[in-house]
Amino acid sequence: MASSSFVNLLASQGSVDLDSAETSLFSTQTPTQTPQEPSVKERRKWSVKEDFILVGAWLNTSKDAIVGNEQKGAAFWKRIVEFYNSSPLLVGTVPRELGQCKQRWARINDLVCKFAGCYDTALREQRSGQNDNDVMKAALDIFNSDQNMKFNLEHAWRELRHDVKWCSTYLEKDNDKRKTADTPVAEPEDRPIGVKAAKAAGKRKKTRKDEELTKLEGLMEIKKQISRQSLLAKPEPLSDMEFACKT
């Protein structure tokens, strides 16, 4: 009753609408709240500095005899990620996850290996008077032509190209490609020739033999003519055999 009197009082003063007042006072429903959508992780691009740190982490972890030879797979990459995220150059940045580091290294290694092959080709084709810059430009052109894209990991290539550990893995990968390329392909067996083809081949062989025989006979005839002319021109005395042949 007190509540109804209070509502009537407010209505009489014209300060509030009855329906809205009753709704606000007596409604037990809470306003509908729009749920916040989970924030989508933005794809962070890798900077040159991050590439250097990741390459250094891979090289240092690979050279560790215990980790490199005995621990494989997840343990190996866990060590690389720890090395990467502990770098003092990355203080204040969001740490990278294992999958991110592994995926980025696969990208770097694949493109750097392909460019190393292009650089080797450019070195073999280097002409007299060309310097290192000319070879580099030729290698970049070859890569762009082969991969239909520009090579933007020169900083990683320069970091890896002289490292013994990486070079050994690159050579192993290159040798595997060459073995695959050198594998002989089975040639199809020769089909037996038909009767018509056999007759045609026989005619061709016979024709060639006839031509050779005709040439040989012609040579013998020329030889006889030369011998006859020489005998006729020879002055006497002649031997009995020569006289008989001349006659």
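**Notebook: cysteines, fold and largest pocket**

I looked up Cys113 and found its closest cysteine sulfur in Cys167, at 9.6 Å, which is too far for a bond. The model is a predicted one, and I keep that in mind for every value below.

I recalled that a disulfide is a covalent bond between the sulfur atoms of two cysteines. The cut-off applied here is a pair of cysteine sulfur atoms within 2.5 Å, and the 9.6 Å between the sulfurs of Cys113 and Cys167 is therefore too far for a bond. For the structure as a whole I noted 0 disulfides.

I then turned to the fold, where I counted 11 helices and 0 strands in the protein chain. Of its 247 residues, 21% count as buried. Among contacts with a separation of 6 or more, 59% come from residues 24 or more positions apart. The chain exposes about 19,700 Å², and carbon and sulfur atoms supply 54% of that area.

Last, I asked which residues line the largest pocket. The lining consists of Arg43, Arg44, Lys45 and Trp46, together with Arg96, Gln100, Gln103, Arg104 and Arg107. By class I recorded 6 charged, 2 polar and 1 nonpolar residue in this lining, and the space in the pocket comes to about 310 Å³.

Notes
Residues are numbered from 1 along each chain as its sequence is written. This is a predicted model: local features need pLDDT of at least 70, side-chain atom pairs count only at pLDDT 80 or more; totals for chains, interfaces and linings use all residues. Side-chain values use heavy atoms; hydrogens and water are left out. Helices (H or I, at least four residues) and strands (E, at least two) are DSSP runs, numbered from the N terminus. Buried means under 20% relative accessible area, exposed over 50%, partly exposed in between (1.4 Å probe, protein chains only). Contact means heavy atoms within 4.5 Å. Accessible areas come from the Shrake-Rupley method with a 1.4 Å probe; for residues, only the protein chains shown count as cover. On a 1 Å grid over the protein atoms alone, a cavity is a set of points where a 1.4 Å probe fits but cannot get out, and a pocket is an open set with protein on both sides within 12 Å along at least five of seven lines; lining residues have an atom within 4 Å of a point. Grid points are joined across faces, edges and corners, and a volume is the space filled by probe spheres set on the points. Ala, Val, Leu, Ile, Met, Phe, Trp, Tyr, Cys and Pro count as nonpolar, Asp, Glu, Lys and Arg as charged, and the others, Gly among them, as polar.
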